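I opened this entry to work through the ligand site, a pocket and some backbone geometry. My notes follow in the order I looked things up.

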Amino acid sequence: MAAALESPLAEVADWLRQSRSTVVLTGAGISTESGIPDFRGPNGLWTRNPGAEKAATLQNYLADREVRVRAWRSRVEHGLWTEAEPNGGHLAIAALERKGRLDLLITQNIDSLHLKAGNSLERMVEIHGNLREYVCMQCGDRGPIERVLERVRAGEDDPPCRRCGGILKSATISFGQNLVAADYARSEAAAARCELFLAIGTSLTVYPVAYLPEVALRNGARLVIINAQETPYDGLAHALIREQIGQVLPRIVAAV
Ligand code: NAD
């Protein structure tokens, strides 16, 4: 028999059972146990290299060919995290959907690990885009990113759009780039109607996504935070679990 859950894990499992609408927001922290570094955790990409934040802004990408060359080279050399596998945290959220307990999963991650774990795109918003596709910044043409990577491997260091000659980029939202309005609207509506909002593995510092817990709280939802480090919402959370996601989330979901 499974060991009984201690508080506050048992309390969160109870809330999950009772909630008629649960929204889960995830950030880079859910993927660190799959070997993908986050930005602001102790081994985060930006904690170790603060200059990288600048290179990730849209204006620099559009204005500076060298930034694009480096970006494509790094995609080819370091891969797209395609070898990464979902961990217990991703699998628990997929189980939550299978159990009919998930209204919407909003992820800030671009690594597709929720999809790989079994969550469906019908109940998911990839609010910062994804790395599976490319997009033309001029005409909006989209397609599998592998098509562009093949051209980079064949010697084009900054491949232009084949339709209009425009600048190509991975279909991710860079800093300084607007979110897809429909994605944010869908996320905000779900946050406003939910009874339970779980923020998992996110520092809750990237806006406008970081407004979503506030929208949920304002509309009477309970807020649960599962994150190893402090967030600006800790004082407002109904439950705060500062442990490794892959260890606690599967136990909570198994009890639902
Ligand atoms: P963040 O780096 O700002 O914060 C991640 C948080 O997760 C940190 O507070 C850290 O303490 C916590 N954390 C890390 N590993 C954990 C674990 N195993 N258990 C519990 N907590 C853990 O991440 P963010 O809030 O998502 O914002 C960063 C932005 O960077 C996002 O917009 C996202 O799009 C992007 N990003 C995505 C990926 C990815 O797709 N995997 C990776 C890096 C950055």
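These entries start with the ligand, move to the pocket and end with the backbone.

**Entry 1: ligand shell**

I am working on a predicted model. I began with the residues around the ligand. There are 27 of them, and Arg40, Gln108, His128, Ser203 and Gln229 come nearest. Next I sorted the shell by class. I got nine nonpolar, 13 polar and five charged residues. Then I asked which domains the shell draws on. Domain 1 (1–36 + 85–128 + 179–256) gives at least three residues, and so does domain 2 (39–83 + 129–172).

On the side-chain part, I noted Asp111: one of its polar side-chain atoms is 2.7 Å from a nitrogen atom of the ligand. A polar backbone atom of Phe39 sits 2.9 Å from an oxygen atom of the ligand. For Ile245, a polar backbone atom lies 3.1 Å from a ligand nitrogen atom. I then checked burial. The ligand taken alone exposes 860 Å², and the protein buries 96% of that area.

**Entry 2: second largest pocket**

How much space lies in the second largest pocket? I read off about 250 Å³. Its lining has 19 residues; closest to the centre are Gly129, Arg142, Ala171, Ile173 and Val180. I listed the elements that give two or more residues to this lining: the strands β3 (124–126), β4 (129–136) and β6 (168–172), and the helix α9 (181–193). By class, I have 10 nonpolar, five polar and four charged residues in the lining of this pocket. The pocket lining takes at least three residues from domain 1 and at least three from domain 2.

**Entry 3: backbone geometry**

I turned to the peptide bonds. The bond joining Ser7 and Pro8 is cis, with omega about 5 degrees. I placed Pro8 in the segment before α1 (9–18). A cis peptide bond also joins Tyr207 and Pro208, and omega is about 5 degrees there. Pro208 is in the loop between β7 (196–200) and α10 (212–218).

Where does Ser112 lie? I found Ser112 in the loop between β2 (104–107) and α7 (113–117). I flagged its phi, near 65 degrees, as a positive value in a residue other than glycine.

Methods. Residues numbered from 1 in each chain as written. Predicted model: local features only at pLDDT ≥ 70, side-chain atom pairs only at ≥ 80, totals over all residues. Heavy atoms only, no water. 1 Å grid on protein atoms, 1.4 Å probe; cavity = no way out; pocket = protein on both sides within 12 Å on 5 of 7 lines; lining within 4 Å. Points joined across faces, edges and corners; volume = space filled by probe spheres on them. Helix = DSSP H or I, 4+ residues; strand = E, 2+ residues; numbered from the N terminus. Nonpolar A, V, L, I, M, F, W, Y, C, P; charged D, E, K, R; others polar. Domains from an automatic or database assignment. Near = heavy atom within 4 Å. Polar contact = N/O pair within 3.5 Å; in protein donor to acceptor, adjacent residues only side chain to side chain. Areas by Shrake-Rupley, 256 points an atom, 1.4 Å probe, with all protein chains shown as cover.
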